[in-house]
Amino acid sequence: MRTISTKEEKQSKLDKKENSQKKPTPWQEAHQKYLEEKKMMDEILKKNQTHEESEPLDEFGEEVDHQVNQEQEKNERPMIEILSSEKPTESIRESENASFSDKLPKMKDYRQRKLYRRLALIISVFLIPLVGCIYYISPLGQLSKVSVVHNQQVSSEQIMKTADFKINESLWEQYFARQTAIQKIKKISPWIKAVNVKVVHFNQFQINVTEYPRVAYLLTGDKYYDILENGQVLKNPITQDQLQSGLPILEGFTSKKLILKTLKAYHKLPEEFKQSISQIKSTPRAENDQLLTLNMNDQNQVLINIDQLNKKLPYYAKVVSNLKEPGIVDMEVGIFSYPYPKEEKKTGDSSSQSTNDGSENDESVQENPQA
């Protein structure tokens, strides 16, 4: 009997430990609290009913004492908080389920887009070389025509013959080797300044030629030669009928550097002064190799240095206005003007002629104080 009682006691102790170790879940606690509060609410409602039957109402049918309502509100608040605490958990679960279901079609769309991109990349890797091969062997990959533009002094036939592009042969092989043809074309004539080859109309070559403009003429004896923009004098002479109006005529120049320097100064002059000059002569002296003699359209001559051309020539009109007859305007050092020497004195010493002319025409000699 004692052994049985001791076993029962041990078993009861174990049950108590298990019961003490088992803690209720939060939901069980909340449910237990809810039952207790509901029981309290029922008791309060019963008391209120008995209290309403015993207390009188005022003339508007309202209660005289509001303490019962306040107690009722206090008792209802815990219940509302419990219900509100349960609702968010349910809404969170619903939102999680909804968001996961929403993500499924987006994931499908993303995977499809990724698949299409990979497919397009694979197709392009194989398609581009295929298209290139088809283009290379097709008529579009063969040269069909060669044309020359912007050339005036050099014939198109000569340029195409020198370029030696082959019709109905590979377009791009000849295009990548175009520099050889360009160098050959530049050597044809000194007129050619630059050459460019480009592809037009898919399978045609267009040779663009830029030529040096003619800027002046060089008179040597009774023959005229073209002077280009780079100062080069062409070897082939032209007749006087072929001269272009408005361009200066140079005479006595033997240096390309001096020609370029003179033309550079000439082109800086105003247009009215350019039109008044008919011929530019190089008349160097031992002490001055840059002296020019300008033959003017009004039959006067101007002696002037190249580097003084733009500074002193603007005074020409004022000086000439004081000349009674055509003469010489000397701007080499100062600015003087005097008539041409008389013919009968040309047989004598030139030095005496110049001094006599200068002394006889003191009234016509003028000097610009600003020079």
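Trainee: Where do we start?
Mentor: With a pair of residues: Leu250 stands opposite Ile280 in S8. Strands here are DSSP runs of E with at least two residues, helices are runs of H or I with at least four, and both are numbered from the N terminus. One caution: this is a predicted model, where local features need pLDDT of at least 70, side-chain atom pairs count only at pLDDT 80 or more, and totals for chains, interfaces and linings use all residues. Residues are numbered from 1 along each chain as its sequence is written, and side-chain values use heavy atoms, with hydrogens and water left out.
Trainee: In which sense do S7 and S8 pair, parallel or antiparallel?
Mentor: Parallel, over two bridges; DSSP must find at least two bridges for two strands to pair. S8 also pairs with S9, in the antiparallel sense over five bridges, and there Ile280 stands opposite Leu294.
Trainee: OK, new topic. Which residues of H7 are buried?
Mentor: Leu258, Ile259, Thr262, Leu263, Ala265 and Tyr266. Buried means under 20% relative accessible area, exposed over 50%, partly exposed in between, using a 1.4 Å probe and protein chains only.
Trainee: And why are they on the same side of H7?
Mentor: Because they cover an arc of only 160° around the axis, taken from the directions from the helix axis to the C-beta atoms.
Trainee: What's on the face turned away from that buried side?
Mentor: Lys257 and Lys264, which are exposed.
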